[in-house]
Amino acid sequence: MEKLLRKLKLKDDFRITIPIMKSDFVNKLRRNMDEGSTSSFFPITEVFSSSKKNYIGSISGNEFELRKRLRFFDTNKGGAIAKGSMSQEGENLNIDICVNGFKNFFIFYFILITLFYVFFFGTMMLGLSQESDGLGLPVFVVPFLLLHGAMMYGVPIFIARRGVKNIKNDLEKDFFYFTK
């Protein structure tokens, strides 16, 4: 599963080295993050929050876990979660980050979509085999359904991939900004 997620670019690791002390970085990160769960289960109430902080997550010791806050009318949804660990080397802070855009809900979604298409194509083929009047299925329906199926499988993957890329860029930008 890990190899598949990395191949689909739904999971990525990277390292950021910034010239700041760990205690200063943690304080600045706490000022830009609301303490809370990174779970995206029922985040609809989050869009109505009046907080100006960009991230939601937690910090414990040398590790943190965060995600971008959802905003009203924000089309930049993806919900990728970043987990990181910090280590101080002299004047520089090394931050190793693993970004994961895959959610467990995707498993349920893909199973449900697969069952739908298996049922749909099965009943379609069963209906065609029982027809004797020669009308059959119009030629354009099968390519349309294949295209529709590809989009139903592909669009969530592309949205999650964009979320991974966006949070990666945002973290690099924001963490560098913390040094100023």
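Strand E5 (residues 81-89) pairs with strand E6 (residues 92-100) in the antiparallel sense, over 9 bridges. The model is predicted. Lys-83 stands opposite Cys-98 in E6. Ile-81 has Asn-100 in E6 as its bridge partner.

The hairpin has 2 residues between its strands. Gly-90 takes a positive phi there, near 70°.

## The sheet

E5 and E6 belong to an open sheet of 6 strands. The order is E1-E6-E5-E4-E3-E2, and the pairing is mixed. Strand E1 (11-18) and strand E2 (33-35) are the edge strands, each pairing on one side only. Neighbouring strands are turned by 30° against each other on average, direction ignored.

E4 and E5 also pair in the antiparallel sense, here over 5 bridges. Phe-64 has Gly-84 in E5 as its bridge partner.

## Helix H4 across the sheet

Helix H4 (residues 141-178) lies across E1, strand E3 (55-60), strand E4 (63-68), E5 and E6. The helix runs at about 10° to E1.

Leu-146 is found in H4. Is this residue buried or exposed? Leu-146 is exposed, because its relative accessible area of 53% is over the 50% cut-off. Its C-alpha atom is separated by 9.6 Å from that of Tyr-117, a residue 29 places away along the chain.

## Nonpolar cores

In soluble globular proteins, nonpolar side chains tend to be buried together. The largest nonpolar core here has 24 residues. Phe-25, Ile-97 and Phe-175 touch the most other members. E1, helix H2 (22-31), E3, E4, E5, E6 and H4 each supply at least two residues of this core. H4 gives the largest share, 5 residues.

What does Phe-175 contact beyond its neighbours within four places in sequence? Its partners are Ile-16, Ile-18, Phe-25, Leu-29, Phe-64, Ile-95 and Ile-97. Another core, of 10 residues, lies apart from the largest one. Its members include Phe-110, Ile-113, Tyr-117 and Ile-157.

## Aromatic pairs

The structure holds 11 aromatic pairs. In one of them, the rings of Phe-102 and Phe-106 have their centres 5.6 Å apart. Their planes stand at 75°, so the pair is edge-to-face. Both residues are buried.

Phe-102 and Phe-106 form one aromatic cluster with Tyr-109, Phe-110 and Tyr-153.

## Salt bridges

The count of salt bridges comes to 8. Four residues, Glu-2, Arg-6, Lys-11 and Asp-13, are linked in a network. Glu-2 forms a salt bridge with Lys-11, with the closest N and O atoms 3.1 Å apart. Glu-2 is partly exposed, at 38% relative accessibility. Lys-11 is buried, because its 16% is under the 20% cut-off. Arg-6 and Asp-13 meet at 2.8 Å, N to O. Arg-6 is partly exposed at 32%, and Asp-13 is partly exposed at 41%.

Which parts does the salt bridge of Asp-170 and Lys-68 tie together? The side chains meet at 3.4 Å, N to O. Asp-170 lies in helix H4 and Lys-68 in strand E4, so the pair ties together parts that are 102 residues apart in sequence. Asp-170 counts as buried, at 16% relative accessibility. Lys-68 counts as partly exposed, at 30%.

How values were computed:
Residues numbered from 1 in each chain as written. Predicted model: local features only at pLDDT ≥ 70, side-chain atom pairs only at ≥ 80, totals over all residues. Heavy atoms only, no water. Pairing = 2+ DSSP bridges. Helix = DSSP H or I, 4+ residues; strand = E, 2+ residues; numbered from the N terminus. Axes fitted to C-alpha atoms, helices over the stretch in contact; angles between N-to-C directions. Contact = heavy atoms within 4.5 Å. Phe/Tyr/Trp six-rings, centres within 6.5 Å; stacked < 30°, edge-to-face > 60°. Buried < 20%, exposed > 50% of the residue type's maximum accessible area, 1.4 Å probe, protein only. Core = buried A, V, L, I, M, F, W, Y, C linked by side-chain atoms within 4.5 Å.
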